[in-house]
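User: I would like to go through the labels used for this model and hear what each one rests on. Please set the values against the definitions.

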Amino acid sequence: MCGIAGLAGGDAVRHEKTVAAMGASQHYRGPDGTMHAASSDRRAVLAMNTLLIVDPQAMPGPYLDRATGLLLAFNGEIYNWRQQAAAWGIEVRDRESDAHFLLRAWAKIGPSCLDGLDGMFALAVYDPRAAKLFLARDRLGEKPLYWRLDGGRLAFASEVTTLTGYGPAPLVLRPEVTAIETPTGVDTPFQGIQLLAPATLLSFDVTTGSIDQMTWWHLEDRAPFTGTYEEALARFSTILAEQIPLRAPACDFALLLSGGLDSAVLAYMMRPPVCITVRYPGQDRLDESSTAAVIARDIKAELVVVEPDHVDFTTALPHMMRALDYPMGNASTFSEHMAYRKISDLGLRVAIGGLGPDEFLMGYVRQALVLFGPDAVLNSGLEAYRPLAAKLMHAAGEPLDPAEAVTRLILRGPDPDGRLRDLVADAMARAGGDLARSLTLADLATAWRPLVMTSDKLASAYALNADPPTSPATWSSSPTGCPSTTRSLTRPRASGSCGTPPRPSACPRRSGTAGTSSASPPRSPPGSTATSPPGPTPRSAWPSPTPHPRSALSSKGGEARRTLRPDPHAGPNGSRLVFGPDGEGSRMIPNWVTTVRGCTRRPPPRSRPPPAEPL
């Protein structure tokens with residue numbers, strides 16, 4: 001999780017100290033160093049906060065191509081950079097990274113290189129030959145990037161508060177915040193500051209002060225999948241086998257493990273050394289830690305169960321508010337915060353989660369309600385969702401228009417201006433009549449932003465890199481949602497057909513975000529499940545997980561040493577070890593935490609330096 005910031009304009013170099021302060025204000029995003037650099041024409045200054053994961057000796061950014069003068073600040077990861085370097089004939093030397101590849105690819109191909117990148121990223125490139133600054137985000141906006149104009153200059157940053165501290169930005173109540181607790185589109189609660197839209201390329205001409213924006217990728221442009229459900233399942237399992245290994249970190253990492261299918265698949269494919277789950281005392285119906293323990297024992301991973309209480313919430317609330325900057329409509333915020341804090345305490349730098357498949361694969365009950373109707377959902381054993389289904393009960397007993405049904409299900413407050421209804425109607429129109437596809441597009445327009453932004457902000461506050469390998473971008477070459485020819489809501493899951501053990505995949509409950517057993521309403525199995533068909537790639541054919549160099553958990557002898565020791569920061573219900581790496585029976589040890597010798601740490605609270613001079 002890195003961070004970027006900068007300024008472009010005719011007199012940008014005069015504000016070099018301002019840009020340095022902008023980088024310093026988000027230093028927690030890159031604990032391995034914050035640096036800035038001015039372009040050769042002195043019209044741009046870029047800053048970068050660097051988090052080194054793979055190679056601790058790598059050079060931090062920003063990055064300069066001396067032949068062309070291109071200057072790059074980069075946040076994120078390109079998964080296929082080695083393959084694309086070979087395909088495009090780009091030389092990458094020893095100890096160089098995806099950032100070096102990206103800089104040379106931009107110098108050789110220009111912005112067109114974005115089409116060939118598979119990854120999550122936000123970047124800034126300044127080209128002195130054209131006196132233009134380019135800003136770009138990944139296909140689905142997994143990495144944030146904010147920008148604002150000021151006096152003929154353009155400023156940008158990974159954190160919105162980096163920009164609010166350097167010029168007037170009055171607070172504005174966006175109407176959709178009352179409806180779903182989160183701004184939508186490119187809006188922020190700060191006047192004059194925008195979030196660059198996903199899959200968007202912005203170019204700022206320093207000479208004329210003009211701005212152009214273009215969308216370089218559209219999910220709805222993907223051709224609809226026309227095969228059978230069995231063929232779709234086979235295609236999905238193939239994509240998993242091909243893509244997940246590309247996303248496996250080259251260092252030790254922690255997996256946010258719930259009892260759900262998404263994180264269970266990641267556990268078996270990526271073999272994390274440490275798994276983290278969150279549960280709450282007294283919420284036994286939503287407690288999936290026993291299923292998580294079975295998975296962790298099966299893959300011989302260490303499982304840490306975090307049990308927050310009301311004291312933890314009171315203590316953590318100010319930290320969460322500072323990290324989020326503005327409201328995010330995400331019921332799992334507290335659970336994620338506690339999980340990331342524990343991962344940071346363990347000395348790890350990468351957190352893997354199962355964020356994304358529900359939006360893409362019809363994993364929410366609200367999607368099943370639209371696809372199959374309230375009666376079919378309730379009669380399939382999901383009686384607990386009757387209050388949600390009641391939103392679709394029409395006074396005349398007639399079925400609702402799909403756009404109206406979706407709107408009713410996602411609204412959590414008043415929508416007097418009809419902003420949410422317009423977003424849903426637009427998603428329906430762009431889907432071309434495919435109901436499942438329109439549900440995915442509607443979720444990406446309303447629910448996706450708070451999920452991915454919460455993950456990024458909470459993780460970066462603890463200097464972690466949060467990576468969702470199964471985000472919808474992973475499936476961009478696959479059908480959008482399951483085929484609409486699904487015959488029945490109640491067909492059993494394809495237990496074990498994708499290589500997932502029967503027990504976790506048969507779990508009847510799904511609560512909170514992957515990796516958390518939160519006290520939010522449980523999510524049902526996907527509405528488009530099916531009987532086990534022939535054809536998917538068998539587990540035996542999957543690539544073997546690459547052994548991770550024990551960078552964070554290694555001893556001098558090369559073997560991981562795990563010990564139990566008291567956690568000085570644990571509350572009355574601190575962390576509990578459920579299963580150790582040896583896979584033996586469960587044991588509960590109050591106020592103890594599994595850790596590794598010399599690696600338990602707690603970062604200082606996220607703080608902000610005094611504001612620098614105004615832009």
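Analyst: Helices (H or I, at least four residues) and strands (E, at least two) are DSSP runs, numbered from the N terminus. In those terms, D287 lies in the loop between β14 (274–278) and α8 (289–298). The model is predicted: local features need pLDDT of at least 70 and side-chain atom pairs count only at pLDDT 80 or more, while totals for chains, interfaces and linings use all residues. Residues are numbered from 1 along each chain as its sequence is written, and side-chain values use heavy atoms, with hydrogens and water left out.

User: Why does D287 count as buried?

Analyst: Buried means under 20% relative accessible area, exposed over 50%, and partly exposed in between (1.4 Å probe, protein chains only). D287 has 19% relative accessibility, so the residue counts as buried.

User: What makes the contact of K143 and D456 a salt bridge?

Analyst: A salt bridge is a side-chain nitrogen of Lys or Arg within 4 Å of a carboxyl oxygen of Asp or Glu. For K143 and D456 the N to O distance is 3.9 Å, and their side chains meet in a salt bridge. K143 lies in the loop between β7 (132–137) and β8 (146–150) and D456 in helix α18 (residues 448–461), so the pair ties together parts that are 313 residues apart in sequence. Both K143 and D456 are buried. The two also belong to a network of salt bridges that links R29, K143, E159, D325, D456 and K457. By this rule the count comes to 26 salt bridges.

User: How do you know that E307 and R279 meet in a salt bridge, and where do they lie?

Analyst: The N to O distance between the side chains of E307 and R279 is 2.5 Å, and the pair meets in a salt bridge. This pair links distant parts of the chain, with E307 in the loop between β15 (302–306) and α9 (310–324) and R279 in the loop between β14 and α8, 28 residues apart. E307 has a relative accessible area of 12%, so E307 is buried. R279 has 11% and is therefore buried as well.

User: What is the N to O distance in the salt bridge of K342 and D345, and why are these residues called buried?

Analyst: The side chains of K342 and D345 meet at 3.9 Å, N to O. Both residues lie in helix α10 (residues 333–345), three residues apart, about one turn of the helix. K342 counts as buried because its relative accessibility is 6%, and D345 is buried because its relative accessible area is 2%.

User: Why is the pair of W106 and F134 called tilted?

Analyst: A pair of aromatic rings is described by the distance of the centres and the angle of the planes. Rings of Phe, Tyr and Trp (its six-membered ring) pair if their centres lie within 6.5 Å; planes under 30 degrees apart count as stacked, over 60 as edge-to-face and the rest as tilted. The structure holds five aromatic pairs. The ring centres of W106 and F134 are 5.6 Å apart and their planes stand at 55°, so this pair is tilted. It links distant parts of the chain: W106 is in helix α3 (residues 98–109) and F134 in strand β7, 28 residues apart. W106, at 4% relative accessibility, counts as buried, and F134 is buried with a relative accessible area of 11%.

User: What makes the pair of F121 and W216 stacked?

Analyst: The rings of F121 and W216 are 6.3 Å apart, centre to centre, with 15° between the planes, and the pair is stacked. F121 lies in strand β6 (residues 119–127) and W216 in the loop between β12 (211–215) and α6 (229–243), 95 residues apart. Both F121 and W216 are buried. Elsewhere, ring pairs link Y280, F313 and F334 into a cluster.

User: How do you know that M321 is exposed?

Analyst: M321 has a relative accessible area of 56%, so M321 is exposed. The residue lies in helix α9.

User: Why are β4 and β12 described as standing at the edges?

Analyst: Two strands pair if DSSP finds at least two bridges between them. An open sheet of six strands has the order β4-β5-β6-β7-β11-β12, with antiparallel pairing. β4 (63–64) and β12 each have a single partner strand, so one side of each is left without a neighbour in the sheet. β4 pairs with strand β5 (residues 71–78) in the antiparallel sense over two bridges, and L64 stands opposite L71 in β5.
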